[in-house]
Amino acid sequence: MKREQIPNPAEEIRITTLHATRGINFWSRRPVIRMDLASGAFDEISSAEVDGFIDALVTALPGLKDHHCSIGSRGGFLIRLRRGTYAPHIIEHVALELQGMIGHEVGYGRTRGGDTEGEYTIVFEHEHEQVGLRAAALALEVVQRAFANTRYGRCRDHGARGVAHDD
Ligand SMILES: [Zn+2]
């Protein structure tokens with residue numbers, strides 16, 4: 001998929017619910033963040049279909065290469081990205097990675113389709129509630145921008161700095 005065919009991720013992928021649980025919950029014995037998303041047009045656009053998306057994401061967050069995911073060994077998530085996986089699942093991994101980068105030891109995450117088509121529930125572990133909530137919002141932004149970069153390319157006006165922008 002070429003960049004001009006990709007819809008604007010900032011308009012398509014939206015949070016519908018975001019909160020932190022305390023103590024044992026429906027999903028895990030550990031406290032988790034729950035984020036529900038509507039993925040809009042990105043319900044049908046996988047990581048494998050967008051030119052440059054995986055590179056943009058993994059360059060920004062190299063630690064993603066270490067994620068096991070359902071494959072169960074290092075590099076598992078990268079394999080999933082190459083086979084094609086979708087925005088909510090990618091956001092789950094980014095939220096865990098962002099927390100890992102600041103030294104929080106978190107590993108549990110799940111993404112499931114909701115009752116309504118195109119809606120997803122993401123849950124992931126946190127050590128600190130506020131950090132977890134911030135990681136959720138930031139993860140959404142990172143994934144939106146990785147898709148947007150592939151859509152809009154890098155800003156020529158910023159030259160060598162290669163700063164990405166949205167319009
Ligand atoms: Zn995974």
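1. What share of the 167 residues in the protein chain do buried residues make up? Buried residues come to 34% of the chain in this model, which is a predicted one, so confidence has to be read alongside the geometry.

2. As for overall content, the protein chain holds five helices and four strands, and, when they are read along the sequence, these elements follow the pattern α-β-β-α-α-α-β-β-α. Of the contacts in the protein chain with a separation of 6 or more, 64% are between residues 24 or more positions apart.

3. The four strands form an open sheet in which the order is 1-2-4-3 and the pairing is antiparallel. At the edges stand strand 1, residues 14–20, and strand 3, residues 109–113, each of which pairs on one side only, while the twist from one strand to the next averages 15 degrees.

4. Within it, R110 has V123 of strand 4 as its bridge partner, and G109 stands opposite F124 in strand 4. The two strands form a hairpin with five residues between them, and in the turn G118 has a positive phi of about 85 degrees.

5. Helix 4 is mostly covered, with 13 of its 15 residues buried. From its first C-alpha to its last, helix 4 reaches 21 Å, close to the 21 Å expected at 1.5 Å a residue. After helix 4 comes G103, whose phi is positive and near 90 degrees.

6. On confidence, the mean pLDDT of the protein chain is 88, and 89% of its residues reach 70 or more. The confidence is highest in helix 4, at 98, and lowest in helix 5 (residues 129–152), at a mean of 89.

7. A caution is needed for residues 152–167, over which pLDDT stays under 50, and for which the model has 14 contacts beyond four places in sequence. Where pLDDT is low, the predicted coordinates should not be read in detail.

Technical notes: Residues are numbered from 1 along each chain as its sequence is written. This is a predicted model: local features need pLDDT of at least 70, side-chain atom pairs count only at pLDDT 80 or more; totals for chains, interfaces and linings use all residues. Two strands pair if DSSP finds at least two bridges between them. Axes are lines fitted to C-alpha atoms, for helices over the stretch in contact, and angles run from 0 to 180 degrees between N-to-C directions. pLDDT is the predictor's confidence in each residue, from 0 to 100. Two residues are in contact if their C-beta atoms, placed from the backbone, lie within 7 Å. The expected span of a helix is 1.5 Å times one less than its number of residues. A residue is buried if 20 or more other C-beta atoms lie within 10 Å of its own, exposed if 12 or fewer, and partly exposed in between; C-beta atoms are placed from the backbone.
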